[in-house]
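Hello,

Here is the structure I promised to pass on. Please open it alongside this note; my findings follow below.

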Amino acid sequence: MAVIVPLLLAFLAILPGPTATVLVLAHGGLANYTVGETWYRGYDPNTPAEEQIGQPWMVQRTWDTIDPVFSVTDKHIACNIPGAPPPSYIPIQAGEKITAVYWYWLHPVGPMSVWLAACGDKDCSEVDVNQAGWFKIWEAGLLEGPNLAEGVWYQKKFQNWDGEPGLWPVTIPVNLRPGLYMIRHEILSIHVENKPQFYPECAHLNVTGAGTDFPPDEYLMKFPGAYSADDPYININIYVPKDRDKYIIPGGPIWEGLSDFPRV
Ligand SMILES: [Cu+2]
């Protein structure tokens, strides 16, 4: 869509270079989605809310700032602040890829995960994001050593310092039964010792296909609820001990559906 390019250029024009100051002061979030060649515009905290809220093209729940959520018991850990629902859905077939687009991402350390929640027979705008049953369909953490602080995380590979947006493609499980769903992308950044930063954003999906599969109850998590502040992989100091090279991504196992499907 033509509208995307001017927005991107306008944003990059005000974005300073990748200095240490930026790493401390600037956060970020998920700006747009693509399915195949189609762009779906998400919420932009730098654009006036009244130009976006309730617009028929909006597919993403609102997020007011690029700041993180710090507490696992904050209700906004579900779908950011305030997480107000959009009027529209991204149409997608089970087995297709949805790609999350970030204009930039600055933090290198911590896991990334993607979750779905069925809206049942309701419109997703009527679903309480804190009561929904979320199941994880994708995750990535530390990819290679030598340790948590100096190793290469998916989050670091996801960064782009050449001005191109960061792309995060994930496949909807091919056997997932059709229906209205919410999708939740979360980046957890743990570069500050014992002060985890959660960056969740949610959108609404209309999933089609011939699947009949749905995760059993043990995969369904609540936000808040999925995470514990005592989890040593959430309340973590990655710099001590220096030789630690194992990281367990919080939130339980991934549900992949009955069939194998291509993973990123
Ligand atoms: Cu940040």
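Leaving aside neighbours within four places in sequence, which residues is Ile90 in contact with? The list is Tyr33, Val35, Tyr40, Val59, Ile98, Ala203, His204, Leu205 and Asn206. Contact here means that the C-beta atoms of two residues, placed from the backbone, lie within 7 Å.

Two notes before the rest. This is a predicted model, where local features need pLDDT of at least 70, side-chain atom pairs count only at pLDDT 80 or more, and totals for chains, interfaces and linings use all residues. Residues are numbered from 1 along each chain as its sequence is written.

Overall make-up

The protein has 3 helices and 11 strands. Both are DSSP runs numbered from the N terminus: helices are H or I with at least four residues, strands are E with at least two. Along the sequence the pattern reads α-α-β-β-β-β-β-β-β-β-α-β-β-β. Of the 264 residues, 38% count as buried. Buried means that 20 or more other C-beta atoms lie within 10 Å of the residue's own; exposed means 12 or fewer, and partly exposed is in between, with C-beta atoms placed from the backbone. Among contacts with a separation of 6 or more, 76% come from residues 24 or more positions apart.

Two strands count as paired if DSSP finds at least two bridges between them. β10 and β11 pair in the antiparallel sense over 11 bridges. Arg184 has Cys202 in β11 as its bridge partner.

The four-strand sheet

A second open sheet has 4 strands in the order β2-β1-β4-β9, with antiparallel pairing. β2 and β9 are its edge strands, each pairing on one side only.

- β2 (residues 38-41) and β1 pair in the antiparallel sense over 4 bridges. The partner of Tyr33 in β2 is Tyr40.
- β1 and β2 form a hairpin with 2 residues between them. Gly36 in the turn has a positive phi of about 60°.
- β1 (residues 32-35) runs antiparallel to β4, joined by 3 bridges. Asn32 stands opposite Val101 in β4, and Thr34 opposite Thr99.
- β4 and β9 also run antiparallel, with 6 bridges. Tyr102 stands opposite Gly166 in β9.

The core

The largest nonpolar core holds 63 residues, of which Ile90, Met182 and Ile183 touch the most other members. The elements giving it two or more residues are β3 (90-93), β4 (97-102), β5 (112-118), β6 (134-140), β9 (166-171), β10 (179-189) and β11 (197-208). A nonpolar core is a set of buried Ala, Val, Leu, Ile, Met, Phe, Trp, Tyr and Cys residues joined through C-beta atoms within 7 Å. As background, nonpolar side chains tend to be buried together in soluble globular proteins.

Two residues to look at

Start with Ala203, in strand β11. Is Ala203 buried or exposed? Ala203 is buried, because 28 other C-beta atoms lie within 10 Å. Not counting residues up to four places away in sequence, Ala203 touches Tyr33, Gly42, Val59, Gln60, Arg61, Ile90 and Ile183. Ala203 and Gln60 are 143 residues apart along the chain, with 4.0 Å between their C-alpha atoms.

Then go to Ile249, in the segment after β11. Ile249 is partly exposed, because 18 other C-beta atoms lie within 10 Å. Beyond four places in sequence, Ile249 is in contact with Pro111, Ser113, Glu139 and Gly141. Ile249 and Met112 are 137 residues apart in sequence and 8.5 Å apart in space, C-alpha to C-alpha.

Best regards
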